[in-house]
Amino acid sequence: MKTTCLPRKASVLLAGLVLAALAGCGSADKGPAEALGTKGPAKPVKAVPPGLPGMPPLLDPNDVYAADRPNMLSPVVKDFPSRVYVPNTSSNTVSVIDPETYKVIDTIPVGVQPQHVVPSWDMKTLWVNNNRGHTLTPINPATGEAGEPVEVHDPYNLYFTPNGKYAVVMASMDKELVFRDPHTMDRVKTVPVSCFGVNHADFSADGRYFIVSCEFSGELLKVDTERMEVVGQQKLPFEGAMPQDVKVSPDGKTFYVADMMADGMWVLSGDKFEVPKLLPTGKGCHGLYVSRDSKEMYVSNRGEGTVSVFDFPQNKLTKKWELPDGGSPDMGGVSADGKVLWLSGRYDGEVYAIDTATGKQLARIPVGGGPHGLAVYPQPGRYSLGHTGIFR
């Protein structure tokens, strides 16, 4: 008998039709694989979670700050007294302010050159970063009492991974990112970096990476959170750039990086990590703080005594507030009700309380020398990513 060979394409097509027909013969209770007499239906493949493993999911996928609404205090912190903790770098103390009276009610001795007061991931502890004393001093926010210092080398700043698995020490002079146990502060992994002055950071919406500013070499790093590795690095396109605070937009698509020498914010996509564009704000652009409704960001301009207001929906600067008699507004945070912006006066030994509705200065409070990264506490949110209070 003469055999007729079909062309290759026709053979493939015929085979597909036969399989489809056989699949159609299966009962409603049987899949194609069962109808063909194979081993049975394939086991469903478990989807890879979109966020960092262990990270609490965002309350709103379109707003990373959805948990930070006015007075939405976690049960962990709701009974803590409202205070403003001010690290004084040249006095080696923390001034404690009662925000109701605008008065200093306590002064806590700490280590050498305290830079920032940082809420822990679980929000139960405030860590004072004694940069040149190479220690962290824990403060109990329920009582205001300081505990025994913990040895940590070169803790300029401190962050926590979104899943709470690690603390991340910004070891500025050591040129290291040091991943540590978030409770004991034991070293887990040291990541050497080639830039100078790692200091501030913020995390992507899914927590899988964070952007770090390198103050003294004018660079940015992109770090893979889970792998604990630097995966991107770039030089800012400005001679003498000195990047400072870093903040992600509410929708998680854009990162803003304050630059005190470029006098504005660098704007870039964290995912693409492309060359950023500069948005001028004012001389000595330094700190970035998001409003409680996620609509605005307050930008402290340390070199001219002003605060610029950036509108997220409009994607532009809409206001500029001037401090009477000038000043050096630096780092800080927003009150739990969202009505007051608190900023340290770095070169003036004072703290400013500013009305977020009008931009009017409410108080100017004398503190110790060189006040820096003050923390307003407690604040709304479910957990802390560190710095002076980045909450999700």
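Mentor: Happy to! One definition before we start: helices and strands are DSSP runs, numbered from the N terminus, and a residue lines a cavity when it has an atom within 4 Å of one of the cavity's points. Please keep in mind that this is a predicted model.

Rolling a probe the size of a water molecule over the atoms shows where empty space is left. Searching the whole structure this way turns up one cavity of 30 Å³ or more. The largest cavity holds about 180 Å³ of space. It is lined by 15 residues, and those closest to its centre are Asp68, Val290, Arg292, Gln379 and Gly389. Two elements, β21 (285-290) and β25 (329-334), each give two or more residues to this lining. Strand β21 has the largest share, with three residues. Sorted by class, the lining has seven nonpolar, five polar and three charged residues.

Now let's turn to the disulfide. A disulfide is a covalent bond between the sulfur atoms of two cysteines. The count here is one: Cys195 pairs with Cys214, with 2.1 Å between their sulfur atoms. Cys195 sits in the loop between β12 (187-192) and β13 (198-203), while Cys214 belongs to strand β14, so the bond ties together parts that are 19 residues apart in sequence. The torsion about the S-S bond of Cys195 and Cys214 is about -50°, which means that this disulfide is left-handed.

Met173, Phe196 and Phe216 make a nonpolar patch of about 350 Å². Of these, Phe216 is found in the loop between β14 (209-214) and β15 (219-224).

Technical notes:
Residues numbered from 1 in each chain as written. Predicted model: local features only at pLDDT ≥ 70, side-chain atom pairs only at ≥ 80, totals over all residues. Heavy atoms only, no water. 1 Å grid on protein atoms, 1.4 Å probe; cavity = no way out; pocket = protein on both sides within 12 Å on 5 of 7 lines; lining within 4 Å. Points joined across faces, edges and corners; volume = space filled by probe spheres on them. Helix = DSSP H or I, 4+ residues; strand = E, 2+ residues; numbered from the N terminus. Nonpolar A, V, L, I, M, F, W, Y, C, P; charged D, E, K, R; others polar. Patch = residues over 30% accessible without salt bridge, like charges linked within 9 Å, V, L, I, M, F, W, Y side chains within 5 Å. Areas by Shrake-Rupley, 256 points an atom, 1.4 Å probe, with all protein chains shown as cover. Salt bridge = Lys/Arg side-chain N within 4 Å of Asp/Glu carboxyl O. Disulfide = S-S within 2.5 Å.
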